[in-house]
Amino acid sequence: MPSIFRKPVAIDKGVYAMSMDEARNAEITMYGQIVAKQPTNWWGDPIPGDYIIQSEFLADLDSINRAKSVTIRMNSLGGDAGVSILIHNRLRELAAKGTALTCIVDGVAMSGGSLIMCACDTVKVSQLPALGGHTAQAEAPGNTNLLWVDTSNGNILKFYDSESQTWKPVGAVWS
């Protein structure tokens, strides 16, 4: 049976990478700050840093839009909330087409990184993850779980489980 796409995808921008094999399993590595455009100084010179730039990332995300599954490996302090929500929504569009989304937090998923993490159906975290970063509430369209980070009460990360209709701490949701 012929492959339904021409060849596997392999994109490496340093701060992020995307790949998809012939079985249509994709992986995205996001290790940087999420921004709308390359930051510049007063004179217009690029400011060095690890930036995931909106236009580049979304164009590359289109190259894996036929994936059956996408695994995102995350290590991000966040960045631009609007760009993070846009990426979140594009990932949810993939999920609506039947793509299984998984996020593995290798380091941190703070602020905008946590918004992208919340787009995934399955989230796996290390023993010592750093998630959130400020009081935030985000609901993924079509997703029954609600994320709540309460920094006024000891940085408690909870998810709303719609089946039991209760808030559960992260340890009770992810094992």
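User: What makes two aromatic rings a pair?

Analyst: Rings of Phe, Tyr and Trp (its six-membered ring) pair if their centres lie within 6.5 Å; planes under 30 degrees apart count as stacked, over 60 as edge-to-face and the rest as tilted. A search of the whole structure finds one aromatic pair. This is a predicted model, where local features need pLDDT of at least 70, side-chain atom pairs count only at pLDDT 80 or more, and totals for chains, interfaces and linings use all residues. Residues are numbered from 1 along each chain as its sequence is written, and side-chain values use heavy atoms, with hydrogens and water left out.

User: Why is the pair of Tyr16 and Phe57 called edge-to-face?

Analyst: The centres are 5.1 Å apart, and the limit is within 6.5 Å. The planes of Tyr16 and Phe57 stand at 70°, and over 60 counts as edge-to-face.

User: Which parts does the pair tie together?

Analyst: Tyr16 lies in strand β2 (residues 16-20) and Phe57 in helix α1 (residues 54-62), so the pair links parts 41 residues apart in sequence. Helices (H or I, at least four residues) and strands (E, at least two) are DSSP runs, numbered from the N terminus.

User: How do you know whether Tyr16 is buried or exposed?

Analyst: Buried means under 20% relative accessible area, exposed over 50%, partly exposed in between (1.4 Å probe, protein chains only). Tyr16 has 1%, so Tyr16 is buried. Phe57 is buried too, with a relative accessible area of 1%.

User: What makes β4 and β5 paired strands?

Analyst: Two strands pair if DSSP finds at least two bridges between them. Three bridges join β4 (residues 33-35) to β5, and the two run parallel. Val35 stands opposite Ile53 in β5.
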